[in-house]
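Here are my notes on the model, point by point. They cover strands, cores, charged pairs and a few backbone angles.

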Amino acid sequence: MKKMAYLAGALLLGLAVTGPAPFACAADTQAKAEKHTTVQTSAAAAENQTAVQSKEKGKKTRRQKERFVPLLSDNGYLYLMDTQNARWIRMPHSGDEYIADVWIKLVKTDDQADEEKKPDGNKTEDYSYPPKYYLEHYYLRPKTQQIQFLSELEVAGRPDNAIKERAYSMQNWENLVPGSLEDDIYHGALKAMGKNKVGGKTTHGMSARDMVEEYLRISL
């Protein structure tokens, strides 16, 4: 009888010692699985954030490139229109006639190619003076297919805002000569304004789209 009681006690003691082990193993496995899931979630979030940042950087780079729209190439220079500052304005002393106000950037084709080859954000390159370029300011008059030159700036780096331009004058309008540089600038700039829908809104309820449809129809 004592032997049976001893065996029963030993059995109960063994169950007491070994019983919780399976539950402990299960809890440990679950904790590891949760930790692994957390690590995967964090890695996925970091990867998504990197992808978003890269996408935003790409958009910004494209916007910077698209600001200057190429019009033509002539005499070793590339002519680009600044779409950010292109606009329709009321022609002085004219009533309701509007003209296009555009800035054209002239860059040597070699300098433009070198600039496009530079890696974005590279700060380790040796310092070099920025290449010179030119900015030309024009008025375009679609109603009569005329152009008026206002100024030309020679620029190295950031242009100076204190510029001197000749005053607007009705006598300064020039008729277009077919095949001339001014003819190419005129038609190229108006086409770029229409394609990029630039110019902003104007008075009398006439939007940039209305301007494009009205004046490009006359001009082209």
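1. A salt bridge here is a side-chain nitrogen of Lys or Arg within 4 Å of a carboxyl oxygen of Asp or Glu. By that rule Arg141 and Glu97 form one through their side chains, at 2.6 Å from N to O. Arg141 is in strand β5, whereas Glu97 is in the loop between β3 and β4, so the pair ties together parts that are 44 residues apart in sequence. Both Arg141 and Glu97 are buried. Please keep in mind that this is a predicted model.

2. How many salt bridges does a search of the whole structure find? The search gives five. One of the pairs is Asp101 with Arg87, whose closest N and O atoms are 3.2 Å apart. This pair links distant parts of the chain, with Asp101 in strand β4 and Arg87 in strand β3 (residues 87-90), 14 residues apart.

3. Asp96, with a relative accessible area of 53%, is exposed. The cut-off matters for Asp96, since exposed means over 50%.

4. Is strand β2 enclosed by the rest of the structure, or exposed? Six of the six residues of β2 (residues 77-82) are buried, so the strand is largely enclosed by the rest of the structure. Side chains in a regular strand alternate between the two faces of the sheet. In β2, Tyr77, Tyr79 and Met81 point one way, and Leu78, Leu80 and Asp82 point the other way. The residues of both sets are buried.

5. With β1 (residues 68-74) it pairs in the antiparallel sense over six bridges, and Phe68 has Asp82 of β2 as its bridge partner. Two residues lie between the strands in the hairpin of β1 and β2, where Asn75 takes a positive phi near 55°. Strand β4 (residues 98-108) runs antiparallel to β2 and is joined to β2 by five bridges. Within that pairing, Met81 stands opposite Ile104 of β4.

6. The largest nonpolar core has 23 residues, of which Met81, Val102, Ile104, Leu140 and Met193 touch the most other members. At least two residues each are supplied by β1, β2, β4, β5 (132-141) and α4 (181-196). The largest share, six residues, comes from α4. Apart from this core lies another, of eight residues, including Leu78, Trp103, Val107 and Leu153. As background, nonpolar side chains tend to be buried together in soluble globular proteins.

7. Leu140 deserves a look on its own. Leaving out residues up to four places away in sequence, Leu140 touches Ile99, Ala100, Val102, Gln146, Ile147, Trp173, Tyr186, Ala189 and Leu190.

8. Helix α4 has 16 residues, which should span 22 Å at 1.5 Å a residue; its end C-alpha atoms are 22 Å apart, in agreement. The buried residues of α4 are Asp183, Ile185, Tyr186, Gly188, Ala189, Leu190, Ala192, Met193 and Gly194. Just after the helix, Lys197 takes a positive phi of about 50°.

9. Ser151 lies in strand β6 (residues 146-156). Its relative accessibility is 4%, so Ser151 counts as buried. The side chain of Ser151 makes a polar contact with the side chain of Glu165, at 2.7 Å. Beyond four places away in sequence, Ser151 touches Trp103, Leu135, Glu136, His137, Lys164 and Glu165.

10. His93 is not a glycine, yet has a positive phi of about 60°. His93 lies in the loop between β3 and β4 and, at 80% relative accessibility, counts as exposed. Gln145, also not a glycine, has a positive phi of about 50°. Its place is in the loop between β5 and β6, and with a relative accessible area of 30% Gln145 is partly exposed.

Conventions:
Residues are numbered from 1 along each chain as its sequence is written. This is a predicted model: local features need pLDDT of at least 70, side-chain atom pairs count only at pLDDT 80 or more; totals for chains, interfaces and linings use all residues. Side-chain values use heavy atoms; hydrogens and water are left out. Buried means under 20% relative accessible area, exposed over 50%, partly exposed in between (1.4 Å probe, protein chains only). Helices (H or I, at least four residues) and strands (E, at least two) are DSSP runs, numbered from the N terminus. Two strands pair if DSSP finds at least two bridges between them. A polar contact is a pair of N or O atoms within 3.5 Å; within protein, one must be able to donate a hydrogen and the other to accept it, and residues adjacent in sequence count only if both atoms are side-chain atoms. Contact means heavy atoms within 4.5 Å. A nonpolar core is a set of buried Ala, Val, Leu, Ile, Met, Phe, Trp, Tyr and Cys residues joined through side-chain atoms within 4.5 Å. The expected span of a helix is 1.5 Å times one less than its number of residues.
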